[in-house]
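Please look through the sequence and the structure below before reading on.

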Amino acid sequence: MDNILDQLYAGKLFPFEVPRSPDQEYESAAERFELAWAALMDDPDPERRRLLLQLEKEHKALLSLLERSAFAQGFRLGGQLAAEVFR
């Protein structure tokens, strides 16, 4: 098996594809979100549905940026912790 640096270099690491552990709070929030989304998408006005889909697209873009930032911050923290071990 490749070490973690080899995997990282080769583009074999995809942490977002690893299934997350079950979390009841997350599951409950996701269920409430899906119910609210379905109710909003039932709106007969096509313009409001279009705006809602645009909102979803922009929200996903924001989440992606936040996740990338959190990943980078976590990676830096891990590096700092590793460096501290060798002081």
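Leu13, in this predicted model, is partly exposed, with a relative accessible area of 32%, and it lies in the loop between helix 1 and helix 2. Leu13 belongs to a nonpolar patch on the surface, which it forms together with Ile4, Leu5, Leu8, Phe71 and Phe75.

**The nonpolar patch**

- Taken together, the residues of the patch have about 640 Å² of accessible area.
- Helix 1, which covers residues 4-9, and helix 3 each supply at least two residues of the patch, and helix 1 gives the most, with 3 residues.

**Overall make-up**

- The protein holds 3 helices and 0 strands, and its elements, read from the N terminus on, follow the order α-α-α.
- Of the 87 residues in the protein, 5% are buried.
- The accessible surface of the protein comes to about 8,200 Å², and carbon and sulfur atoms account for 63% of that surface.

**Aromatic pairs**

- How many aromatic pairs does the count come to? The count comes to 2 aromatic pairs, and each can be described with two values, since a pair of aromatic rings is described by the distance of the centres and the angle of the planes.
- Phe33 and Trp37 form a stacked pair, with 6.1 Å from centre to centre and 20° between the planes; this pair counts as stacked because its angle of 20° falls under the cut-off of 30 degrees.
- Phe33 and Trp37 both lie in helix 2, which runs over residues 24-41, and being 4 residues apart there, they are separated by about one helical turn.
- Phe33 is partly exposed, its relative accessible area being 48%.
- Phe71 and Phe75 form a tilted pair, with 5.9 Å from centre to centre and 35° between the planes.
- Phe71 and Phe75 both lie in helix 3, which covers residues 46-85, and they are 4 residues apart, or about one turn of the helix.

- At the start of helix 2, a side-chain oxygen of Asp23 comes to within 2.8 Å of the backbone nitrogen of Glu25.
- Arg32 lies in helix 2 and counts as exposed, with a relative accessibility of 53%.
- The side chain of Arg32 is joined to the side chain of Ser28 by a polar contact of 2.7 Å.

**Salt bridges**

- A search of the whole structure finds 5 salt bridges, and as a general point, side chains of opposite charge can pair when their charged atoms come close.
- Arg48 and Asp43 meet through their side chains in a salt bridge of 2.6 Å, taken from N to O, and these two residues are also linked with Asp45 in a network of salt bridges.
- Is Asp43 buried or exposed? Asp43 counts as buried, because its relative accessibility is 19% and the cut-off for buried residues is under 20%, whereas Arg48 counts as partly exposed at 47%.
- Lys60 forms a salt bridge with Glu56, in which the closest N and O atoms are 3.6 Å apart.
- Lys60 and Glu56 are 4 residues apart in helix 3, which means that about one helical turn separates them.
- Lys60 counts as exposed at 51% relative accessibility, while Glu56 is partly exposed, with a relative accessible area of 26%.
- Arg87 and Glu84 have side chains that meet in a salt bridge of 3.6 Å, again taken from N to O.
- Arg87 counts as exposed at 79% relative accessibility, while Glu84 is partly exposed, with a relative accessible area of 45%.

Technical notes: Residues numbered from 1 in each chain as written. Predicted model: local features only at pLDDT ≥ 70, side-chain atom pairs only at ≥ 80, totals over all residues. Heavy atoms only, no water. Phe/Tyr/Trp six-rings, centres within 6.5 Å; stacked < 30°, edge-to-face > 60°. Buried < 20%, exposed > 50% of the residue type's maximum accessible area, 1.4 Å probe, protein only. Polar contact = N/O pair within 3.5 Å; in protein donor to acceptor, adjacent residues only side chain to side chain. Areas by Shrake-Rupley, 256 points an atom, 1.4 Å probe, with all protein chains shown as cover. Salt bridge = Lys/Arg side-chain N within 4 Å of Asp/Glu carboxyl O. Patch = residues over 30% accessible without salt bridge, like charges linked within 9 Å, V, L, I, M, F, W, Y side chains within 5 Å.
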